[in-house]
Amino acid sequence: MENPQLNQHGELRHLLSIEGLPAGIVRHILDTAESFVAVAEREVKKVPLLRGKAIFNLFFENSTRTRTTFEIAAKRLSADVVNLNIGASSQSKGETLLDTVDNLAAMQADMFIVRHGQSGASHLIARHVAPHIHVINAGDGRHAHPTQGLLDMFTIRRYKQDFTRLRVAIVGDVLHSRVARSEIHALNVLGVPEIRVIAPKTLLPAEVEQMGVHVYHDMIKGLKDVDAVIMLRLQNERMRGALLPSAHEYYKYYGFTKDKLAHAKPDAIVMHPGPMNRGIEIESGVADGGQSVILPQVTFGIAVRMAVMSILAGS
Amino acid sequence: MQLPDAEQLVNQLIAQLRPLAGPGTGLVGIRSGGAWLAERMHSALGLTTPLGTLDISFYRDDFSRIGLHPAVEPSNIPFEVDGCSIILVDDVLYTGRTVRAAMNELFDYGRPASIHLAVLVDRGGRELPIAAQSVGARLALLPEQNIQLNQDSSGRFSLSLHRVEEN
Amino acid sequence: MKIWIKNGRLIDPKNGIDAQLDVFIAAGKIVAVGPAPAGFQANRTLDASGLIVCPGLVDLSARLREPGFEHKATLESEMDAAVAGGVTSLVCPPDTDPPLDEPGLVEMLKHRAKSLNLARVYPLGALTQKLEGERLTEMAELQDAGCIAFSQADAPLVDTLALLRALQYAATFDFSVWLRPQDTFLAKDGVAHDGEVASRLGLPAIPVCAETIALAKIIDLARVAGAKVHLCRLSSRAGMLLVKQAKAEGLPLTCDVSAHHVHLSEMDIGYFDTNCHMVPPLRSQRDREALCEGLRDGTIDAICSDHAPVDDDAKIRPFGESEAGATGLELLLPLTLKWADRSGVPLVQALARITSCPAAVLGVDAGHLTPGQRADLCLFDPNRYWRVERDSLRSQGKNTPFLGLELAGKVRYTLVDGHVVYEG
């Protein structure tokens, strides 16, 4: 099947998912991001690469945080950024998703950064837009959040170098998590030999093993000797249905505490895509502890997004 | 066409630059050829300020046509640019666009006191009002000719001539 | 009007015929098969050289979208599509707007359909008022008005007691009840099979047990009520095995599968292709193979088109927000031929699944070419390939997973009551 993310020369045209991306492209993004980290350490944190380009942050689902990181990334590339929170405006007036996109494309958009509650929304937009417009998926339903997956890979590489010797655990609500899906694909593409997911059965999708992971229900066993732990955010609403009995019980069995961290390798790094729920999925002692790289993740996130935007804009 | 000996040119260039090299002089090479040359010059001139390298990929003016260079590396200017006298080094000066990009990038690090441009070969064909103060050799080349600096495993420099590939 | 269909290969599954035989039609009925009756003077002769002559297709599910959804399709467009696909009898589910829960609506639909003089329409009456799953409809009145059986279509019937009562009441009059087995809670919000693809794409999923649990419940209640039940759109291997067991027990059950589920699996969703958004969802490759096996061994009685014209606006959306369904009337025959070809099933057996078998499910005298029978026929060229394209479809529904594909089997003539209603 034709990969909708690549153009006929095999270059990245849209970034919709990490699934199906050649390892070479993933590495190229990470390598390019290294240069942008260096840019961010300068007096002037801006480069003129995307001068004159119009980038639209198209957020059908609210997320100030992700939107801001994309906005900063675009501005550091000297692009013009327009932020649109569609959730509140046109969609409620009955305009369809593609009508909205067409309207913005008519305003000479060069790139759309799309966040949408439905899986596949950015694929739909990518298929629809004119050839010169690029689409970056900033999170679609439960499907993918590829820049988050990439920035996590960037972080792991910074601290652990060689992917092919690592054991990585992803803990929490994999079922509803686009972040987890993107991480699993990315870790596989980069050759991580052992990827573990740790969660109660109610928070795992069917046949998750088909994605190349080992399933653990016991967090202590799952954390044994891992090099990196990626915690997932647990939405409060999961407590309301029959998925979990209570936050209290979840924290007891799947909350990331110092005691549990002791089972990972002594130099294991702790990651979280944010925003964190302290005392629900992670203890402050772990989140703020010496093994936490949660804040560097945020810094690297900007560099990775700059890398993705410049590679797309140049294809 | 007989190309000059690169090693000889480097030495000439170093000799030309020696009077400029003071304790506060910053040396910056443009990746990749300019960075190789700058490395040689840095030790030959006995400079104390650490060597800088620029990767001008993010400043190129042909980005929208050819996209991002496939192997961008971080630029590294490990000294204070503000008020510094900088020698900027590149292997070949042609249209002047690379130097324009490099100067723009340098200014994003700070405001240098001066920039002195040193190139191994000036092949003419300028498209911008840019000139080098120190030049190893001046060659008149045809547009379809491409001159390239090479460095072998022992660190020796040589020049070679290629035909520009048709795209 | 007397018609002589000559030089064709006659396939009449019910009568076990697959031979080079001519058909003679007079006064809307088949008068002879084989040699001409004495003194037969044809007004029209159809040269069926190279064609297969078979009974008109009987489709157990085609949504015509009237009343209420005329922006998706109209009776005219879809009846036209039916005969272009060789379909001469079709069943339409009651999930129109308003639903077919009143005799007046059914009479109007029957009347409108009849006035078009195309395929025969057999409406299913709503099993519960407004399809709300609570109060029974006036089934006997609805049957008088023309309903062939009763159904909830895809509307949930959560209350098990209400289902039992509905089955008992229908059984009182010997009406059959058509149910699509799906547990409402297990299927909640789901849009794709709970397997590898939905997990990867992050699509809310419907597990196989949503089907099997509903099936087990329906089978038990049917046994208790002594009701005749037709199970619509099986999708899973486990579901098929349950039906097989129940049939072996001798329960009066029949079932069908959609042509889509015979050919497609969850993998065909690819990168969120909303044309593959189906109800029930396309399941695994293994499920698909089991359904084909069930068709071959007779556990599954019929293939239906599950024709559901959907307008583009409802399809060009994110997968989870798109409307399920695909156009199918014109694809039923070629997709059945493709199944036969791929599975090595003899044509006579394959065509039975879209002619005599669905007619038996309906309990109507159709789907065969016995002399004296109403002359509903389909003449098609089995070797003629055609490309499924928006322009090549008469249905107002243009969305199908098969768009762009070349399929073998092109209808040349369709006859209803001895009249040529379609020539292609």
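Visitor: What makes the radius of gyration of chain A agree with that of a compact globule?
Guide: This is a predicted model, in which local features need pLDDT of at least 70 and side-chain atom pairs count only at pLDDT 80 or more, while totals for chains, interfaces and linings use all residues. Residues are numbered from 1 along each chain as its sequence is written, and chains are lettered from A and ligands numbered from 1 in the order in which they are written. The radius of gyration is taken over C-alpha atoms, and the globule rule is 2.2 Å times the number of residues to the power 0.38. For 315 residues a compact globule would have a value near 20 Å, and chain A has 19 Å, so the two agree. Along the principal axes, the C-alpha atoms of chain A fill a box of roughly 55 × 45 × 40 Å.

Visitor: Why is Leu84(A) called partly exposed?
Guide: A residue is buried if 20 or more other C-beta atoms lie within 10 Å of its own, exposed if 12 or fewer, and partly exposed in between, with C-beta atoms placed from the backbone. Leu84(A) has 18 C-beta neighbours inside 10 Å, and therefore it counts as partly exposed. Of the 315 residues of chain A, 52% count as buried.

Visitor: Which residues is Leu84(A) in contact with, leaving aside its neighbours within four places in sequence?
Guide: Two residues are in contact if their C-beta atoms, placed from the backbone, lie within 7 Å, and Leu84(A) is in contact with Phe56(A), Asn57(A), Leu58(A) and Phe59(A). With Leu58(A), the separation is 26 residues in sequence and 5.2 Å in space, C-alpha to C-alpha. Leu84(A) itself sits in strand E2 (residues 80-85) of chain A, where helices (H or I, at least four residues) and strands (E, at least two) are DSSP runs, numbered from the N terminus.

Visitor: How do you know that chain B and chain C do not touch?
Guide: Their nearest C-alpha atoms are 27 Å apart, and the two chains do not touch. By contrast, 24 residues of chain A are in contact with 19 residues of chain C, and the largest share of that side of chain A, 3 residues, comes from H4(A).

Visitor: Where do the domain bounds of chain A lie?
Guide: Chain A is divided into domain 1 (23-143 + 301-313) and domain 2 (146-297), with bounds that come from an automatic or database domain assignment. The contact between them takes 18 residues from domain 1 of chain A and 17 residues from domain 2 of chain A.
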